[in-house]
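Please brief me on this protein model, topic by topic.

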Amino acid sequence: MITYKQLVEKTMPPEKKASANKCIIGHYLLRPVSNVISIPLISRGVSATTVTKISGIFPIISLFMFLLFPNALGFWIGWGAILIWNILDGVDGNIARYTETCSKMGELWDAAVGWLAVIVFYIGMGAVAFFNVGFFPVPINISPSVFLVMGGISAIDWIFPRLIMQKKSVLLGEESVSDVKQRSNYSIPKLLFFNITSINGGAAVIFLLSFCLNLMGLCMIFYFILSMAVAIGSIYSLLK
């Protein structure tokens, strides 16, 4: 069986690490777990695409729990399912790079499942706030259904710029989207923003804290505003 050190050396070359380590929680907390899980799967010949397909089940479970079980148990299972997807999202990449079996079809599956997870995350956040708005520090009168709308719009805010980016890269080449796509090029403010909004890191933790502190409505409003800002900024950068 391969060792942990061998796995890291082959799957995390300098150019990959320069991008991956910008996601603090994803790289330093979740990545080690992904590495440990990757080792036995590689030894047993499990393909990267198989792991990607399996990982796609967990966002569906998450959405099911958030929407149909509006209680603490439903939240914890739903949030836990997103956490499992996060971990497996690192596993499939490890397998593909270590076994040198990266493929266009594998990348397509990875993107599709990743986009599904983003959609589920924000719709789920809206659903949690819909069922339990929680504490507001100032008097505010917002219909709970508004939070569902915020969740849906936030999901669109994250997916729509990605679709534009993909189309631009096809038409004008990868270099045309490098400023938006390459995390290694991010400035410090952009990196901070990225860590707060990434569902692979800060966003998942803040979502969890908001539930523990009974601040679900505030969390949804916060991410709705951030998502709108990201969408407007990304689209402007891509189309200018």
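Predicted model: local features only at pLDDT ≥ 70, side-chain atom pairs only at ≥ 80, totals over all residues.

Residues are numbered from 1 along each chain as its sequence is written, and side-chain values use heavy atoms, with hydrogens and water left out. Helices (H or I, at least four residues) are DSSP runs numbered from the N terminus, as are strands (E, at least two).

**Nonpolar cores**

- A nonpolar core is a set of buried Ala, Val, Leu, Ile, Met, Phe, Trp, Tyr and Cys residues joined through side-chain atoms within 4.5 Å.
- Buried means under 20% relative accessible area, exposed means over 50%, and partly exposed lies in between (1.4 Å probe, protein chains only).
- The largest core has 34 residues. Those with the most contacts inside it are Phe75, Phe121, Tyr122, Phe147, Ile199 and Phe207.
- Helices H6 (72-98), H7 (104-131), H8 (144-172), H11 (202-212) and H12 (216-239) are the elements that give two or more residues to this core.
- H7 supplies the largest share, nine residues.
- A second, separate core has eleven residues, including Ile39 and Val91.

**Helix packing**

- Helix H1 (residues 4-11) packs against H3 at an angle of about 105°, with the axes 10 Å apart. Axes are lines fitted to C-alpha atoms, for helices over the stretch in contact, and angles run from 0 to 180 degrees between N-to-C directions.
- H1 and H3 are therefore roughly perpendicular (65 to 115 degrees; under 35 is roughly parallel, over 145 roughly antiparallel, the rest oblique).
- Tyr4, Leu7 and Val8 of H1 make the contact (heavy atoms within 4.5 Å) with residues of H3, among them Pro32, Val36 and Ile39.
- In helix H10 (residues 188-197), Leu191, Phe194, Asn195 and Thr197 are buried. The buried residues of H10 pack against H3, H7, H8, H11 and H12.

**Aromatic rings**

- Rings of Phe, Tyr and Trp (its six-membered ring) pair if their centres lie within 6.5 Å; planes under 30 degrees apart count as stacked, over 60 as edge-to-face and the rest as tilted.
- The count comes to 13 aromatic pairs.
- Phe66 and Phe75 have ring centres 6.0 Å apart and planes at 40°, so this pair is tilted.
- Phe66 is buried at 3% relative accessible area, and Phe75 is buried at 2%.
- Phe75 and Phe211 form a stacked pair, 3.8 Å centre to centre with 10° between the planes. This pair links distant parts of the chain, with Phe75 in H6 and Phe211 in H11, 136 residues apart.
- Ring pairs also link a cluster that includes Phe66, Phe75, Trp76, Phe121 and Tyr122.

**Single residues**

- Ile25 sits in helix H3 (residues 24-43). Ile25 is partly exposed, at 24% relative accessible area.
- Ile25 and Ser198 are 173 residues apart in sequence, yet 9.6 Å apart in space, C-alpha to C-alpha.
- Glu100 lies in the loop between H6 and H7. Glu100 has a positive phi of about 55° although it is not a glycine, and at 63% relative accessibility Glu100 counts as exposed.
- Asn214 lies in the loop between H11 and H12. Phi of Asn214 is also positive, near 60°, and Asn214 is partly exposed at 32%.
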